[in-house]
Amino acid sequence: AQSVTQLDSQVPVFEEAPVELRCNYSSSVSVYLFWYVQYPNQGLQLLLKYLSGSTLVKGINGFEAEFNKSQTSFHLRKPSVHISDTAEYFCAAREAGAQKLVFGQGTRLTINP
Amino acid sequence: DTAVSQTPKYLVTQMGNDKSIKCEQNLGHDTMYWYKQDSKKFLKIMFSYNNKELIINETVPNRFSPKSPDKAHLNLHINSLELGDSAVYFCASRPFLAGEQETQYFGPGTRLLVL
C-alpha cells in the first residue's frame, strides 16, 4: 500500500541557515511526488513536483527537492531560509493511474532570528 | 481571481446540528476533492468527484454527504455534528485525464469547530 513518511515533525533552524526536510515514500508502482506548504491559517500551496525526467526539481521560493528512487526519498532543501519560510510542509505522493493523493504527517519549519 | 474558493471560512456550531460547506473552482477542472485536516495537521482524503460522479469514497461516516450540482461545485453536508468533526476541511480540484499528472489546487480551508 502506498504511504508517505515525513521523518521530522518539527525542524527549528536559524535564519539564513540551510534546511532539509525529509520525506520517504513506499509504493509498488511509479509515483508522482509533491511538496506543499501551508502558511499559518492558510490553505496548501504547491512548492514543487516530480513527475518524470530530471531527479532534481526546483520550485518556488528557492526550494528544491531531489527524487532518489533507490532510497525512495524526496527530500526538500533550501540553502538559506528566511523568517517568512516558517510554515508547515507536506510531502505527498500519487501513484501512476490513481486519483488519490496521499500526504505525509507534515513537518513544521520554525525559523529563529 | 480565486481558483478554488470555500465558504464559510469559519464555522462554529453545536453538537447535533446539520451544516454545509461549499466549494467552487473556476479552473475548468473535472475532478474535485474533500480533505480533512485534524488537530495534528494530518491530511486525509474523504471524497472525490469527477464530472459530478463519485469516484473516491474513503471510510467516512455516512453523516457526511458530498453533493456535486455541476463539475465546478462540490459541497459537503454534515448531519448530526459531533465533537470529533472539528477540523479544517479543504476542497481541491484537478484536471482528469488518463495518464495526466496535473497538480491538485487547494482552497483556503473551512475551520469547523463543534461545541
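Biologist: Why is B:Lys44 called partly exposed?
Modeller: This is a predicted model, and the value is computed from it. The relative accessible area of B:Lys44 is 43%.

Biologist: What makes B:Glu58 and B:Lys44 a salt bridge?
Modeller: Their closest N and O atoms are 3.7 Å apart. The cut-off is 4 Å, so the pair of B:Glu58 and B:Lys44 counts. B:Glu58 sits in the loop between S6 and S7 of chain B, and B:Lys44 in strand S5 (residues 43-50) of chain B. The pair therefore ties together parts that are 14 residues apart in sequence.

Biologist: What else does B:Glu58 pair with, and how do you know that A:Lys100 forms a salt bridge with B:Glu58?
Modeller: The closest N and O atoms of A:Lys100 and B:Glu58 are 3.5 Å apart, again within 4 Å. This pair crosses between chains. A:Lys100 lies in the loop between S10 and strand S11 (102-103) of chain A. B:Glu58 is in the loop between strand S6 (53-57) and strand S7 (64-70) of chain B. A:Lys100 has a relative accessible area of 30%, so A:Lys100 is partly exposed.

Biologist: Why can such side chains pair at all?
Modeller: Opposite charges can pair when the charged atoms come close.

Biologist: How many salt bridges are there over all chains?
Modeller: The search of the whole structure finds 11. One of them joins A:Glu20 to A:Arg77, with the closest N and O atoms 2.9 Å apart. That pair links distant parts of the chain: A:Glu20 in strand S3 and A:Arg77 in strand S9 (residues 73-78) of chain A, 57 residues apart. A:Glu20, A:Glu66 and A:Arg77 are linked in a network of salt bridges.

Biologist: Are A:Glu20 and A:Arg77 buried or partly exposed?
Modeller: A:Glu20 is at 35% relative accessibility. A:Arg77 is at 27%. Buried needs a value under 20%, so A:Glu20 counts as partly exposed, and A:Arg77 does too.

Biologist: What makes A:Cys23 and A:Cys91 a disulfide?
Modeller: The sulfur atoms of A:Cys23 and A:Cys91 are 2.0 Å apart. The limit is 2.5 Å, so the pair qualifies. A:Cys23 is in the loop between strand S3 (19-21) and strand S4 (24-26) of chain A, and A:Cys91 in strand S10 (residues 87-95), 68 residues apart. A:Cys23 and A:Cys91 are buried.

Biologist: Why is the disulfide of B:Cys23 and B:Cys91 called left-handed?
Modeller: The torsion about its S-S bond is about -75°, so the disulfide is left-handed. B:Cys23 is in strand S3 (residues 19-25) of chain B, and B:Cys91 in strand S9 (residues 87-94) of chain B. The S to S distance of B:Cys23 and B:Cys91 is 1.9 Å. The structure holds 2 disulfides over all chains.

Biologist: How do you know that A:Gln38 is buried?
Modeller: A:Gln38 has a relative accessible area of 5%. That is under 20%, so A:Gln38 is buried. A:Gln38 is in strand S5 (residues 31-38) of chain A. Its side chain reaches the backbone oxygen of A:Gln42 at 3.0 Å. Contacts of A:Gln38 beyond its sequence neighbours include A:Phe90, B:Gln37 and B:Phe90.

Technical notes
Residues are numbered from 1 along each chain as its sequence is written. Chains are lettered from A and ligands numbered from 1 in the order in which they are written. This is a predicted model: local features need pLDDT of at least 70, side-chain atom pairs count only at pLDDT 80 or more; totals for chains, interfaces and linings use all residues. Side-chain values use heavy atoms; hydrogens and water are left out. Helices (H or I, at least four residues) and strands (E, at least two) are DSSP runs, numbered from the N terminus. Buried means under 20% relative accessible area, exposed over 50%, partly exposed in between (1.4 Å probe, protein chains only). A polar contact is a pair of N or O atoms within 3.5 Å; within protein, one must be able to donate a hydrogen and the other to accept it, and residues adjacent in sequence count only if both atoms are side-chain atoms. Contact means heavy atoms within 4.5 Å. A salt bridge is a side-chain nitrogen of Lys or Arg within 4 Å of a carboxyl oxygen of Asp or Glu. Lists of a residue's contacts leave out its neighbours within four places in sequence.
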